[in-house]
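Dear colleague,

I am passing on the structure we spoke of, and I would be glad if you could look it over alongside the notes below.

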Amino acid sequence: YFNLEPFFIKQFGRYDGRKSLSVIIDESQLTKIEDYIRNNDNWTFVKNCSHWSLDLWNEIVGDEYRLKTQTVVYTPGRLLKSFDEYDCVETDKDFSNAKIIFTYLNGTRTELKLCS
């Protein structure tokens, strides 16, 4: 799902104090993201959501924004510590433009709605 957390931030005021590191991507990188999600849709203790996020981020960005970590088990705290290398990290980034949640599969974008 794309925009799920930004949607929660905008609609429900979640995740105060969060840190964001952003890069602009092009369509070829979006295809890499789609492929990564399709081929890595599983979790383990060692390959948890933090590991998954870091690995995907490093697949997409160039060396300029590659996150460096030196640990066996990744945690949100470890990822946050790796942000210290960059001066472009934002606190409580504005996600007011996150109006929809969507999936992106085989070049097709499908909008989704949360169940009430």
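What follows is a short account of the salt bridges found in it.

Please keep in mind that this is a predicted model, in which the count comes to five salt bridges.

The side chains of Arg18 and Asp92 form one of them, with N and O 3.2 Å apart. Because Arg18 sits in the loop between helix H1 (4-12) and strand S1 (19-20), while Asp92 belongs to the loop between strand S2 (90-91) and strand S3 (101-105), this pair ties together parts that are 74 residues apart in sequence. Arg18 is buried, its relative accessible area of 15% falling under the 20% cut-off, whereas Asp92, with 36%, is partly exposed.

A salt bridge also links Arg66 to Asp63, where the closest N and O atoms are 3.4 Å apart; here Arg66 is partly exposed at a relative accessible area of 31%, and Asp63, at 63% relative accessibility, counts as exposed.

Glu85 and Lys68 likewise meet through their side chains in a salt bridge, at 3.4 Å from N to O. Glu85 lies in the loop between helix H4 (76-82) and S2, and Lys68 in the loop between helix H3 (49-60) and H4, so that the contact ties together parts 17 residues apart in sequence. Of this pair, Glu85 counts as partly exposed, at 43% relative accessibility.

Conventions
Residues numbered from 1 in each chain as written. Predicted model: local features only at pLDDT ≥ 70, side-chain atom pairs only at ≥ 80, totals over all residues. Heavy atoms only, no water. Salt bridge = Lys/Arg side-chain N within 4 Å of Asp/Glu carboxyl O. Helix = DSSP H or I, 4+ residues; strand = E, 2+ residues; numbered from the N terminus. Buried < 20%, exposed > 50% of the residue type's maximum accessible area, 1.4 Å probe, protein only.
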